[in-house]
Amino acid sequence: MNREEAISKLKDIVKPYVKDQEAFENLNESTDFINDLKINSANLVDIVLDVEEAFGIEIDNVSMEKMTSVNAALEIIDTKLAEK
Amino acid sequence: MIGNDVVDLALARTESNWKRKGFLQKIFTPNERSQILNSEKPEVKVWELWSRKEAAYKIWNRESNLRLYHPMKFECSDEISDYGKVSFENQVYFTNTDVSDERISSIAVCVKSDFDAIIHLKSRNGIVKENGIPSLNKKPVSISHHGRFEQIISIL
């Protein structure tokens, strides 16, 4: 999967949790889930679970620690897909 | 330093499904999960523990200037007393939680006696942000807003 496909898949996942639609329209790799998209921190767990399902990977707690931005999420997805 | 967190239970009900597979396992330690599952009101317990973790995280985040999404590392003790404890590595934070049918709010402090010095502010008037941390007259402020509820606290 290339970066663009991964971003678009991730965008679909985060969409239902987004509180700032304008930031969502402008989503890019440096977008922060909490500071930019204003996603409720309890919903970050849902994003982690949704990413696990959609990409068929398992995200351990140490990886989850950093998963607060699009960039971090893409890196974790890449790493976990490579480990499969 | 101080931290707080408010949960609007009606909004939490629409935003999150705590019964979702894997949800509790990603957030709560085995001990916390047994507190939830043995509770008469498991849903309220979920948000009570969550708000304590969040309030303690706010202190840690402000003091360390670091970010971390690892709710399980902030573990709530289950002792029955006037206040709760949240441990992070070798640090202990004290929490005071208020539970009603509509909302749950937690305040975290580093020293127990600080609970007596907590003041509630009615508005954001005069609050300034320094390095992302709100303050009023050089005293730290913590603001939490969720759904219908907002809580702004400071310390004397």
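Author: Two strands are said to pair when DSSP finds at least two bridges between them. The model discussed here is predicted.

Reader: With that in mind, how many bridges link strand β1 of chain B to β5(B), and in which sense do the two strands run?

Author: Strand β1 covers residues 2-8 of chain B, and one of the facing positions is I2(B), which stands opposite V109(B) in β5(B). The two strands run in the antiparallel sense, and the number of bridges over which they pair is 7.

Reader: Which strand joins β5(B) through 6 bridges?

Author: The partner in question runs antiparallel to β5(B), which spans residues 103-109 of chain B. F94(B) stands opposite V109(B), and N96(B) stands opposite I107(B).

Reader: Which residue in the turn between β3(B) and β4(B) has a positive phi?

Author: Strand β3, residues 84-88 of chain B, is joined by 5 bridges to β4, residues 91-99, and the two run antiparallel. S87(B) stands opposite V92(B) in β4(B). The hairpin that they form has 2 residues between the strands, and the turn residue with a positive phi, of about 50°, is E89(B).

Reader: At what angle do the axes of helices α3 and α4 of chain B cross?

Author: Helix α3 holds residues 30-37 and helix α4 holds residues 42-64 of chain B, and their axes come within 8 Å. The contact is made by E32(B), Q35(B), I36(B) and L37(B) from α3(B), and by P42(B), K45(B), V46(B) and L49(B) from α4(B). By class these are 5 nonpolar, 1 polar and 2 charged residues. The crossing angle of the two axes is roughly 145°.

Reader: Turning to chain A, what pattern does it follow along the sequence?

Author: Chain A has 5 helices and 0 strands. Its radius of gyration is 12 Å, close to the 12 Å that the globule rule gives for 84 residues, so chain A is as compact as a globular protein of that length. Its C-alpha atoms fill a box of roughly 35 × 25 × 20 Å along the principal axes. Read along the sequence, the pattern is α-α-α-α-α.

Reader: Which element gives the most to the side of chain A that touches chain B?

Author: The contact takes 13 residues from chain A and 14 residues from chain B. On the side of chain A, the elements that give two or more residues are α3 (41-55) and α4 (61-64), and the residues of this side divide into 7 nonpolar, 5 polar and 1 charged. The element that gives the most, with 7 residues, is α3(A).

Reader: What distance separates the end C-alpha atoms of α3(A)?

Author: At 1.5 Å a residue, the 15 residues of α3(A) should span 21 Å, and the distance in the model agrees with this expectation. Just after the helix, G56(A) takes a positive phi of about 65°. The end C-alpha atoms of α3(A) are separated by 22 Å.

Reader: Which elements do the buried residues of α3(A) pack against?

Author: The buried residues of α3(A) are A42(A), N43(A), L44(A), V45(A), D46(A), I47(A), V48(A), V51(A) and F55(A). They pack against elements of both chains, namely α1 (3-14), α4 and α5 (70-83) of chain A, together with α1 (9-15), α2 (23-27) and α4 of chain B.

Reader: Is V51(A) buried or exposed?

Author: V51(A) lies in helix α3 of chain A, and, leaving aside residues up to four places away in sequence, V51(A) touches I13(A), I59(A), A73(A) and I77(A). I77(A) is 26 residues away along the chain, yet its C-alpha atom and that of V51(A) are separated by 8.1 Å. The cut-off for burial is 20 or more other C-beta atoms within 10 Å; V51(A) has 22 such atoms, and therefore V51(A) is buried.

Definitions and conventions. Residues are numbered from 1 along each chain as its sequence is written. Chains are lettered from A and ligands numbered from 1 in the order in which they are written. This is a predicted model: local features need pLDDT of at least 70, side-chain atom pairs count only at pLDDT 80 or more; totals for chains, interfaces and linings use all residues. Helices (H or I, at least four residues) and strands (E, at least two) are DSSP runs, numbered from the N terminus. The radius of gyration is taken over C-alpha atoms; the globule rule is 2.2 Å times the number of residues to the power 0.38. Axes are lines fitted to C-alpha atoms, for helices over the stretch in contact, and angles run from 0 to 180 degrees between N-to-C directions. Two residues are in contact if their C-beta atoms, placed from the backbone, lie within 7 Å. Ala, Val, Leu, Ile, Met, Phe, Trp, Tyr, Cys and Pro count as nonpolar, Asp, Glu, Lys and Arg as charged, and the others, Gly among them, as polar. A residue is buried if 20 or more other C-beta atoms lie within 10 Å of its own, exposed if 12 or fewer, and partly exposed in between; C-beta atoms are placed from the backbone. The expected span of a helix is 1.5 Å times one less than its number of residues.
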